[in-house]
Amino acid sequence: MPRRRMLTMRGTGALLAGIGCIVAANLVGAAILLYIGLLLLALTVFALIAVRAPRRSGSVTRQVSTDLITVSETSRVTLRFALRALRVPRGLWRDVLPDAVSGDAAGEYPPETGQLTYLLTGVRRGVWPIGPLMLRTVDPFGLAQREQAFGETRTVTVVPEVFTLSPLTVKVGAAGGTAQTSSSRLGQGSDNLSPRGYIPGDSMRRIHWRATAHRGQLMVRQEEEESSPDALVVLDRSAGRWRRTEDEADAAFEAAVSLCASAAVHLMQEGYGVDVIDSAGALLGTLRGHEDDRDGLLVALALVTPRGDARDLAALVGGTPPGPLVYITGEIDEEDAALLRPAGAAAPMLFATGPLAGAAAAATRHGWRVATLGDDIAGAWDDALPDRVSSAPVEPERSTDVTH
């Protein structure tokens with residue numbers, strides 16, 4: 001265990017005063033100064049022995065009330081510390097915390113409750129170490145102190161804050177996303193019915209007579225699932241879009257990551273299957289209604305940083321256009337905005353933390369709903385919501401383009 005022993009300011013003063021008294025006693029021949037000097041030196045030596053002599057060892061276990069801490073969220077940390085020593089002096093304890101979290105992780109030892117607790121608040125995204133536990137003891141005269149480190153560090157994951165967003169005003173898909181699975185249309189002539197061969201036990205009411213006549217064998221209707229289109233959230237993390245920082249977090253990029261998490265979770269709650277990718281096509285997470293999916297996405301977003309270059313959006317989307325499409329970027333000019341096409345998405349929403357002159361107008365001409373992303377993440381989402389409100393399912397043959 002690493003150890004640190006040192007004199008306090010008072011102890012340093014006592015040592016210097018003792019040496020000074022002994023020197024002065026020899027110069028002026030005053031015996032009283034010699035006695036005072038020796039006494040101060042003796043007290044200093046006693047203080048060093050008092051804090052050094054006890055052989056202390058111990059084990060530390062930490063328990064955090066939540067596995068993942070969102071930015072600005074507070075969690076409780078409980079430490080159980082078993083100290084083994086010849087004597088247990090009273091002193092001070094502190095848990096070493098990084099700048100990315102905050103908390104009053106200090107107090108008097110030993111505690112009356114038998115355990116150490118404090119509140120921890122997330123400040124910045126990432127995976128950060130907590131610990132080791134530092135125990136500092138001081139002799140009764142306050143001349144010397146000893147600080148020891150106990151136990152190992154534990155990591156805590158700070159994930160982006162997830163905000164509550166307004167519902168989509170345009171319902172995309174057979175069930176507007178609220179079903180996320182299928183709707184079966186029964187009845188002859190339905191678009192989502194296909195014939196298959198008759199199997200003993202099938203109801204005669206489901207016989208598809210036209211297909212039977214065409215193929216010369218009994219055919220029955222089979223319902224096909226009509227799924228709501230998946231939603232796609234794209235985080236443009238290309239390095240050219242964001243301000244480069246060394247130690248401090250880029251506030252604009254932090255807002256973008258938070259919106260990415262909020263939009264993905266919100267669309268999942270509306271019933272969509274959600275894919276979250278970055279601008280290079282790397283998959284950050286998929287949400288299909290499971291809590292583990294949500295946690296996995298948040299952990300991935302806790303570690304994401306600006307890097308690389310962006311690919312063409314059409315190549316990222318592929319051959320199947322999504323329903324809702326959320327594209328989140330940083331500084332974008334008019335030329336780049338003109339090249340950013342929604343790739344056939346039914347409800348494209350573009351968020352930029354730094355749109356330059358003409359960028360919003362260029363994107364709007366291609367069908368994007370554009371909003372500037374700042375500190376008010378929920379407000380930016382409201383600004384980008386489509387104008388047309390439709391609570392009824394969108395029929396397949398009708399266009400879902402947004403009219404501006």
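**View A. A patch of negative charge on the surface of the predicted model.** Four aspartates gather here: Asp375, Asp376, Asp382 and Asp383. One of them, Asp382, sits in helix α9, which covers residues 377-384. The relative accessibility of Asp382 is 36%. Asp382 therefore counts as partly exposed, since that class lies between 20% and 50%.

**View B. A nonpolar patch on the surface.** Ile32, Leu34, Tyr35, Ile36 and Leu38 make up this patch. Leu38 belongs to helix α2, residues 31-52. With a relative accessible area of 45%, Leu38 is partly exposed. The value stays below the exposed class because that class begins over 50%.

**View C. The cis peptide bond between Gly131 and Pro132.** Most peptide bonds are trans. What is omega for the bond that joins Gly131 and Pro132? Omega is about 5°, and the bond is cis. Pro132 lies in a loop.

**View D. Ser72, a non-glycine residue with positive phi.** Most residues other than glycine have a negative phi. In Ser72, phi is about 80°. Where does Ser72 lie? The residue is found in the loop between β3 (68-70) and β4 (74-84). Is Ser72 buried, partly exposed or exposed? Its relative accessibility is 45%, so Ser72 counts as partly exposed.

**View E. Ala343, with a positive phi although it is not a glycine.** Here phi is about 55°. The loop that holds Ala343 runs between helix α7 (334-339) and strand β19 (347-355). Ala343 has a relative accessibility of 26%. That places Ala343 among partly exposed residues, because buried means under 20%.

**View F. Cys21 and Cys260, two buried cysteines.** Cys21 has a relative accessible area of 17%. For Cys260 the relative accessibility is 0%. Both values fall under 20%, so both residues count as buried. How many disulfides does the structure hold? The count is 0. A disulfide would need a pair of cysteine sulfur atoms within 2.5 Å.

Technical notes. Residues are numbered from 1 along each chain as its sequence is written. This is a predicted model: local features need pLDDT of at least 70, side-chain atom pairs count only at pLDDT 80 or more; totals for chains, interfaces and linings use all residues. Side-chain values use heavy atoms; hydrogens and water are left out. Buried means under 20% relative accessible area, exposed over 50%, partly exposed in between (1.4 Å probe, protein chains only). Helices (H or I, at least four residues) and strands (E, at least two) are DSSP runs, numbered from the N terminus. Patches are made of residues with over 30% relative accessible area and no salt bridge: like charges are joined within 9 Å, nonpolar side chains (Val, Leu, Ile, Met, Phe, Trp, Tyr) within 5 Å. Accessible areas come from the Shrake-Rupley method with a 1.4 Å probe; for residues, only the protein chains shown count as cover. A salt bridge is a side-chain nitrogen of Lys or Arg within 4 Å of a carboxyl oxygen of Asp or Glu. Lys and Arg count as positive and Asp and Glu as negative; His and the chain ends are not counted. The place of a charge is taken as NZ of Lys, CZ of Arg, CG of Asp or CD of Glu.
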